[in-house]
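Let's take a walk through this structure together, going from a whole chain down to a single residue. Please keep the sequence and the 3D view open as you read.

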Amino acid sequence: MSDSLIKPRIERPSLSQTIEAKAPLLLVPVLMVIGLLAIGSGSTWLTLTAAGLAMGMMIFIMASGLTVIFGLMDVINFGHGAFISLGAFAGFTILGLLGGWIESPSIALNLGAVLLAVAFAMLVTGLAGYGFERLIVKPVYGQHLKQILVTMGGLVVTQQLIYVIWGPDEIVLARPAAFQGSFVVLGAAIEKYRVLAIVIGLALFVAMRLVLNRTRIGLLVRAGVQNGEMVEALGYPIEKLFLAVFMVGCALAGLGGVMWGMYQETITAHMGAEVMISVFIVVIIGGLGSIEGCFIGAMLVGLLTNYTGFLIPKLALVSTIMLMGAVLMWRPQGLYPVVKAH
Amino acid sequence: MIVKLLSGDRPRSKMLSAVLLLILFGLLFAPFLFPGTRSLDTAARICIFIVLVASYDLLLGYTGVVSFAHTMFFGIGAYGTAIALVNMGASYSAIALGTVCGALVAGAFAFVIALFSLRVKAIFFAMMTLAVASAFLVLVSQLSGFTGGEDGLSYRIPREMTPAFKLVKEKVLGVRLNGKLITYYVVFFSSLCLFLVLLRMVNSPFGRVLQAIRENAFRAEAIGYKVVRYRSVATILSAVMAALAGSLMALWLRYTGPATTLSMDIMVDILLMVVIGGMGSMYGAVIGAVLFLLTQSYLQNLLGLLQESLGSLPIVSEVVSPERWLLWLGMLFICSIYWFPKGIVGRLRGT
């Protein structure tokens with residue numbers, strides 16, 4: 001018998017398969033090019049693209065928490081919007097107290113105020129997330145119907161509590177002096193705040209990928225997404241991991257809330273529930289549970305909203321729904337479906 | 001006879017029967033028992049919401065599907081009637097045409113949404129309907145040429161249905177028999193019929209399959225029922241019923257706008273009504289709607305009294321302020337999901 005009969009055969013994916021797998025990555029550049037062709041003017045396009053990317057980054061910050069929570073725990077938190085509002089209110093409270101820092105022309109003081117506001121907002125929403133998980137979500141793990149209902153109830157109650165604490169009126173607050181106004185690049189005006197949003201969003205995306213792919217915690221989280229029971233069987237406290245991820249997800253919602261609030265310069269208790277529409281669309285487009293999909297989805301939604309908002313203002317939100325429909329026809333589970341081993 | 005009308009679905013509890021009879025007679029004689037425009041308006045709203053909530057229960061309680069697009073269908077019905085009345089003038093044919101068109105459009109929308117999302121998880125459907133309904137709300141607010149935008153549509157209805165029309169010159173039992181009263185009874189009897197139809201549906205073999213799907217979709221499929229098909233039909237039927245309720249609303253208010261028909265607040269209200277009243281029982285919808293709408297009107301007064309007596313304590317008095325009634329109902333909602341998932345009806349039946 002010669003050994004040469006059994007040869008290991010390594011299947012290489014064909015070119016078309018590779019393209020098919022990587023195709024979602026092309027969507028964002030393709031959309032940008034289509035936008036450029038439809039808009040015509042280069043400088044307008046640049047402004048809109050910057051606005052779209054900034055909006056996409058902020059939506060990504062809010063959506064990433066939701067999608068990781070779903071991936072790991074199979075929980076969709078319909079009350080996520082309440083944390084967005086809560087974060088915005090907590091952050092604005094700090095900004096309101098530091099009025100002197102905000103108005104001063106010094107960038108250091110401005111940044112300091114923003115950082116403090118963000119830190120406080122994340123602290124508040126993280127702690128609120130702890131309470132929310134223990135009181136509202138924990139008793140209904142594994143029961144989707146009850147989860148949806150109960151987190152919706154949590155949303156209503158939290159919104160009302162915001163009214164109780166901060167009063168029923170909206171809060172209007174100008175952005176810190178350093179982030180007002182805009183740069184002019186190639187004849188296009190780009191708001192400074194949008195650049196900040198893009199930087200923070202990108203940093204967060206890179207950090208999340210690093211944590212998930214390079215650290216032990218990330219390894220456990222990814223393993224939990226694939227098969228929670230197995231992780232538990234190997235002796236890791238999956239419940240504590242759940243709780244920690246839930247709190248981080250809520251803190252991210254808080255961060256997104258502050259940023260969104262500073263972007264709009266007006267906050268209401270309902271703002272979270274309103275942004276949640278885009279967040280849900282992003283999460284569905286990206287595939288429930290996938291960070292990369294969520295990121296691409298958020299960019300697509302941000303860009304498309306701004307392009308159509310300029311071309312056909314009335315269809316801005318409807319166009320994202322149509323995008324969602326198109327993506328689902330192409331990939332019924334979203335761009336990057338998370339494979340679960342059940 | 002009565003059992004037949006109820007499709008054999010008896011209340012199964014003396015207490016519940018008594019409450020239901022009280023509600024029925026209360027609504028039937030509402031104009032005479034509780035004179036005044038505000039209470040008549042509350043009564044008409046209760047009738048309409050009973051149908052709306054019951055049609056939602058068909059989906060949530062019987063089929064186990066969570067949809068957030070129910071107000072969209074409600075709105076489509078209302079706008080159908082409203083647009084027909086605006087464009088064709090105040091005639092009965094306009095009402096009929098608008099109602100039928102509204103119901104058809106709602107059914108078609110429901111069909112498309114069902115096609116897209118019922119194959120996958122319940123969560124998907126919930127998120128998808130939420131997104132679509134919100135986009136629809138924004139679209140309606142912006143297409144002002146067609147829908148009146150944020151301001152909505154005001155229109156006239158046939159003269160026989162307006163307060164200006166007098167049936168009898170004198171007052172009967174202290175109540176003017178005018179067109180408003182006729183409209184009220186149109187709303188009341190239409191709602192009653194629609195409710196009985198819904199009761200018929202859930203107690204038919206079709207309804208039993210829906211409940212089987214709710215309990216165990218996999219098993220229902222294994223027995224040979226096409227789960228997706230049944231779920232889609234349930235979605236469409238509930239959308240059509242919601243649209244019909246919307247038409248009644250349009251007729252009653254003589255005004256249709258985003259805030260009265262499409263807003264997410266109404267969606268949350270419907271959810272609260274279904275769950276507090278009792279999921280999976282049509283009578284739960286009745287109890288939930290009555291309780292919620294009465295609370296909406298009268299809990300605020302009660303909270304106002306409480307606030308006055310607690311006026312000195314800063315945070316506590318905020319919590320019991322009349323505007324915070326939803327806080328209390330929201331907590332009741334969460335508690336009822338945990339501790340009595342069959343709602344008030346389940347409690348009354350002692351299960």
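Among contacts in chain B between residues at least 6 apart in sequence, what percentage join residues at least 24 apart? The share is 72%. Please bear in mind that this is a predicted model.

With that in hand, look at chain B as a whole. Its secondary structure comes to 18 helices and 4 strands. The radius of gyration is 21 Å, close to the 20 Å that the globule rule gives for 351 residues, so chain B is as compact as a globular protein of that length. If you orient the C-alpha trace of chain B along its principal axes, it spans about 65 × 55 × 50 Å. Of the 351 residues in chain B, 48% are buried.

Now zoom in on a pair of helices in chain B. Helix α9(B) covers residues 179-202 and helix α12(B) covers residues 227-253; their axes come within 10 Å and cross at roughly 170°. Angles over 145 degrees count as roughly antiparallel, so α9(B) is roughly antiparallel to α12(B). Which residues meet here, between α9(B) and α12(B)? From α9(B) come Thr183(B), Val187(B), Ser190(B), Ser191(B), Leu194(B), Leu198(B) and Met201(B), and they meet Leu237(B), Met241(B), Leu244(B), Leu248(B), Leu251(B) and Trp252(B) of α12(B). Sorted by class, this contact has 10 nonpolar and 3 polar residues, with no charged ones.

Next, turn to the place where the two chains touch. Here 35 residues of chain B are in contact with 31 residues of chain A. On the chain B side, the elements that give two or more residues are α7 (122-142), α14 (264-277), α16 (314-319) and α17 (325-339). The one that gives the most is α7(B), with 14 residues. By class, the side of chain B that touches chain A divides into 28 nonpolar, 4 polar and 3 charged residues.

Is Ile291(A) buried or exposed? Ile291(A) has 22 C-beta neighbours inside 10 Å, so it counts as buried. Leaving aside neighbours within four places in sequence, Ile291(A) is in contact with Ser64(A), Thr67(A), Val68(A), Met208(A), Arg209(A) and Leu212(A).

Methods. Residues are numbered from 1 along each chain as its sequence is written. Chains are lettered from A and ligands numbered from 1 in the order in which they are written. This is a predicted model: local features need pLDDT of at least 70, side-chain atom pairs count only at pLDDT 80 or more; totals for chains, interfaces and linings use all residues. Two residues are in contact if their C-beta atoms, placed from the backbone, lie within 7 Å. Ala, Val, Leu, Ile, Met, Phe, Trp, Tyr, Cys and Pro count as nonpolar, Asp, Glu, Lys and Arg as charged, and the others, Gly among them, as polar. Axes are lines fitted to C-alpha atoms, for helices over the stretch in contact, and angles run from 0 to 180 degrees between N-to-C directions. Angles under 35 degrees count as roughly parallel, over 145 as roughly antiparallel, 65 to 115 as roughly perpendicular and the rest as oblique. A residue is buried if 20 or more other C-beta atoms lie within 10 Å of its own, exposed if 12 or fewer, and partly exposed in between; C-beta atoms are placed from the backbone. The radius of gyration is taken over C-alpha atoms; the globule rule is 2.2 Å times the number of residues to the power 0.38.
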